[in-house]
Amino acid sequence: MYSGKVILYNPDRMDKPTSYNDLWDPKLRGRVGLADGLYMQFFESAALINGGSPSNFEPAKPKLLELKRLEPKVYPSNEALAAALNSGEVWATIMWLARGYMWKKAGIPITHAVPKEGATPIVFDKAVPRNATNKPNGWKWMQAMLEPSAQGGFAERMGYVPTVTNAPLPDALAKEISFTPEEQANFVKLDYQYIADNNARLLDWWTREFKG
């Protein structure tokens, strides 16, 4: 199953954003919230609007410093960010659509926008280990998760999009959690090797320069 990184925002407080860059609007001073643990996702978003790429986050640094001057609020967890969105302390964030769907179901006043830079997919995989002691039941478990009923259950309960073609969603649910064919074609594919090679260095910069 999968979802994608989008902009979550309070439609009663602000206009619908079309780009990550809209969160840099001075009108949103102090109203953008960020979950500390998603620092790498913010590097990526800032890089995409400042000449960078999934393999080059360096252009994100000056852009993040611009955002810092607009007094964003950094929260220690996704749950703390959700509370801030619910209270109106902040109006917008960058987050996975599936989590936004669950927050919206819980009554938090948000909706989502797919930025023109492209959503970044997050994919959850399952596997039967090569050395599994009970492979037949392992494969049955795998098959069960791919059944339309299971895929539809993941979608309705958690907001993750089915990865099989025989699990159509109700129109109302699809509107909340799915991506159009055009949006799928515009997905931003992460460079995991770049992230692995640079994570420690970028986290240090985030801690010292952005949060410090």
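Predicted model: local features only at pLDDT ≥ 70, side-chain atom pairs only at ≥ 80, totals over all residues.
Figure 1. Strand E1 covers residues 2-9 and pairs with E4 in the antiparallel sense, over five bridges. Strand E4 comprises residues 92-96 and is mostly covered, five of its five residues being buried. Strand E1 is also mostly covered, with eight of its eight residues buried.

Figure 2. Strand E1 pairs with strand E5 (residues 111-113) in the antiparallel sense, and three bridges are found between E1 and E5. Tyr 9 stands opposite Thr 111 in E5. Strand E6 (residues 120-123) runs antiparallel to E1 and is joined to E1 by four bridges. In this pairing, Gly 4 stands opposite Pro 121 of E6. As a general point on such elements, side chains in a regular strand alternate between the two faces of the sheet.

Figure 3. Ser 19 is located in the loop that lies between E1 and E2. Its relative accessibility is 4%, and Ser 19 therefore counts as buried, the cut-off being under 20%. When neighbours within four places in sequence are left aside, the residues in contact with Ser 19 are Ile 7, Ile 49, Pro 115, Lys 116 and Glu 117. Ser 19 and Val 6 are 13 residues apart along the chain, and their C-alpha atoms are separated by 9.6 Å.

**Figure 4. The buried face of helix H2.** Helix H2 spans residues 60-68, and its buried residues are Ala 60, Lys 61, Lys 63, Leu 64 and Leu 67. Seen down the axis of H2, these buried residues fall within an arc of 165 degrees, so they line one face of the helix. They pack against strand E2 (33-35), helix H1 (39-48) and helix H9 (192-210).

Figure 5. Lys 61 belongs to helix H2. Is this lysine, Lys 61, buried or exposed? Lys 61 has a relative accessible area of 16% and is therefore buried, as this value falls under 20%. Residues up to four places away in sequence not being counted, Lys 61 touches Phe 43, Arg 201, Leu 202 and Trp 205.

**Figure 6. Packing of helices H1 and H9.** Two packed helices are described by the angle between their axes and the distance between the axes. For H1 and H9, the angle is about 95 degrees and the axes are 10 Å apart. The two helices, H1 and H9, are therefore roughly perpendicular to each other. On the side of H1, the contact is made by Tyr 39, Met 40, Phe 42 and Phe 43; on the side of H9, by Ile 195, Asn 199, Leu 202, Leu 203, Trp 205 and Trp 206. Classified by residue type, the contact of H1 with H9 has nine nonpolar residues, one polar residue and no charged residues.

**Figure 7. The loop between H2 and E3 at Glu 71.** Glu 71 lies in the loop between H2 and strand E3 (73-75). Phi of Glu 71 is near 60 degrees, which is a positive value in a residue other than glycine. With a relative accessibility of 47%, Glu 71 counts as partly exposed.

**Figure 8. Crossing of helices H4 and H6.** Helix H4 (residues 97-105) and helix H6 (residues 148-158) have axes that come within 8 Å and cross at roughly 60 degrees. H4 and H6 are therefore oblique to each other. Ala 98, Tyr 101, Met 102 and Lys 105 of H4 meet Ala 155, Glu 156, Arg 157 and Met 158 of H6. The contact of H4 with H6 consists of five nonpolar, no polar and three charged residues.

**Figure 9. Val 164 in the loop between H6 and H7.** Val 164 is placed in the loop between H6 and helix H7 (171-177). Its relative accessibility of 22% means that Val 164 counts as partly exposed. Neighbours within four places in sequence left aside, Val 164 is in contact with Leu 146 and Gln 151. The C-alpha atoms of Val 164 and Pro 148 are separated by 7.7 Å, while the two residues are 16 residues apart along the chain.

Definitions and conventions
Residues numbered from 1 in each chain as written. Heavy atoms only, no water. Buried < 20%, exposed > 50% of the residue type's maximum accessible area, 1.4 Å probe, protein only. Arc of directions from axis to C-beta. Contact = heavy atoms within 4.5 Å. Pairing = 2+ DSSP bridges. Axes fitted to C-alpha atoms, helices over the stretch in contact; angles between N-to-C directions. Parallel < 35°, antiparallel > 145°, perpendicular 65-115°, else oblique. Nonpolar A, V, L, I, M, F, W, Y, C, P; charged D, E, K, R; others polar.
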